[in-house]
Amino acid sequence: MATDENAPGAQGGNPADNTGGAQPPHGDQGASYSPQGGQYSPQDGQYSPQGNQYTPQGNQYTPQGNQYTPQGGQYTPQGQSDANAQQPQGQYPQGQYTPQGQHAPQGQYAPQGQYANAQQPQGQYAPQGGAYPAGAYGAAAPAAPNPNKKKIILISSIAAAVVVLLIVATVVINVINGSQYGPQAVVDKYLTTIASGNAKEANKMVDTGLKKEKAALLSDKVLKEKDSRISDPKVTKTSTQGDSARVAFSYKLDGTTYDGTLTLSKQGKQAVFFDDWKIDKPLLVDVAAYISQGTEATVNGVNVDFGEEGILQAYPGIYTVSAPESKWFSAEDQTFVAGTGSKASYSSIELNLKPTDALTEEVQSQLNAMIDECAKETSKEVDENCDMDVTYVIGMSEVSKVQREVVEYPTVTVDESGRSFETEGGEIKYTVTGKNYSGESITGDLEPRTYWTFYGDITVDGDKVTLEFW
């Protein structure tokens, strides 16, 4: 805005301060402005609209008899002369002097209300120092806090905290995933379970796929003794590729360190965050046994049936194979170390069952009983197993009756396998009744039979023994 050089008082002296005219020291500051007889001096000039005074730098401004001192903070409303009354900082009398919008922070002052028509001098008018004193009319109002800024800071802080928590959670999940749910952890737990003798739990961890009779050695009873189980299991190497893993391990058994490898597959997630690794195949070893009599035997004190193939699967361990719990057979114990890896043994056990005295006694008893039954017969011919027929007697044309008396039973011998027997000795006496060639009835004793032999097979089924004669 251009300065109005023709305004009253622009060049003349001011009667109020007797200065003889405003003296501009620099540039814009030399301009004076007095609307309706008033005078405005930026540096130390006075502005008196209609006889009133406005002094930015400690001068007095008295609108219609009132007094306002910007730096002294005093404002005397109309009708009051108390120079000590303080104007609260930042408050202005309604309808009088209020900084105008965007020009207020730059030190501009524009009277409102009755002084609204006063022209603004060109340039920005502010006391030296660039701003009006605090609390003065025209001073820049302090900026109000921006609530959005606090929200942004709060949201940023929350976001940063969430990121940190996610990073920490990810690290924790990865650590737990590897230490408790990874392939190494799964194999370590599996081997530890076997080493503790908990075959039932091991069977749950990895399905054996075996029927009950074929899983006879996969029981807690078989792994009951600590000395028969693996010890000091360790995972030695783990390699993972995608959803597959290969874990090498070692353990001790019977003073020897064995090795082995298990493969695993990832089945997805468990408990939302953790990998679900499963062992592909159980850690089983074949225990093969040839049993001389039957298919049953005792393994670590438990009766089992090896079946026709003579093979059962077991966890790595030491297995003592003995004769089945029977009074008919005995055998020297056989030990099989079921290991894995490079030091594994693939030999089989030969369990040679030997008949006990009880089996021989049982065969003898059954034979004697059969002989007694046969001896009761009075006919010439009896059961072929008895070997007591009398069909022809020298000096007799006809034999009508035969009386048999066992003088001594033959002695039974059972072979080493317990599968067969034979007899030796024995004596039987015959008394016959018939007719001679003259037709006369006669009775006489035959010469005792002193050599008597029986042969047969022995079948043992539990406690039952069956004889089959040849």
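Threonine 340 sits in the loop that links strand E13 (334–338) to strand E14 (349–351); helices (H or I, at least four residues) and strands (E, at least two) are DSSP runs, numbered from the N terminus. The model is a predicted one, in which local features need pLDDT of at least 70 and side-chain atom pairs count only at pLDDT 80 or more, while totals for chains, interfaces and linings use all residues. Residues are numbered from 1 along each chain as its sequence is written, and side-chain values use heavy atoms, with hydrogens and water left out.

With 10% relative accessibility, threonine 340 counts as buried (buried means under 20% relative accessible area, exposed over 50%, partly exposed in between, with a 1.4 Å probe and protein chains only). Its side chain makes a polar contact of 2.8 Å with the side chain of tyrosine 251. Such a contact is a pair of N or O atoms within 3.5 Å; within protein, one must be able to donate a hydrogen and the other to accept it, and residues adjacent in sequence count only if both atoms are side-chain atoms. A polar atom of the threonine 340 side chain also lies 2.8 Å from the backbone oxygen of aspartate 259. Leaving aside residues up to four places away in sequence, threonine 340 touches Phe249, Tyr251, Tyr258, Asp259, Gly260, Leu283, Val285 and Pro316, where contact means heavy atoms within 4.5 Å.

The next stop is a pair of cysteines. One disulfide is found in a search of the whole structure, a disulfide being a pair of cysteine sulfur atoms within 2.5 Å. It joins cysteine 374 and cysteine 386, with the sulfur atoms 1.2 Å apart. The torsion about this S-S bond is about -45 degrees, so the disulfide is left-handed. Cysteine 374 belongs to helix H4 (residues 357–375) and cysteine 386 to the loop between H4 and strand E16 (398–408), so the bond ties together parts that are 12 residues apart in sequence. Cysteine 374 is buried at 6% relative accessibility, and cysteine 386 is buried at 1%.

Helix H4 has 19 residues, which at 1.5 Å a residue should span 27 Å, and this agrees with the 27 Å between its end C-alpha atoms; the expected span is 1.5 Å times one less than the number of residues. Among the buried residues of H4 are Leu359, Val363, Leu367, Ile371 and Cys374. Helix H2 (residues 183–195) passes the same kind of check: its 13 residues should span 18 Å, and its end C-alpha atoms are 18 Å apart. Buried residues in H2 include Pro183, Val187, Tyr190 and Leu191. After H2 comes glycine 197, with a positive phi near 85 degrees.

Strands E18 (residues 420–424) and E21 (residues 455–461) pair in the antiparallel sense over three bridges, pairing being assigned if DSSP finds at least two bridges between two strands. Here serine 420 stands opposite aspartate 457 in E21. E21 also runs antiparallel to strand E22 (residues 464–469), joined by six bridges, and glycine 456 has phenylalanine 469 in E22 as its bridge partner. E21 and E22 form a hairpin with two residues between them, and glycine 462 in the turn has a positive phi of about 70 degrees.

Taken as a whole, the chain has four helices and 22 strands, and 37% of its 470 residues count as buried.
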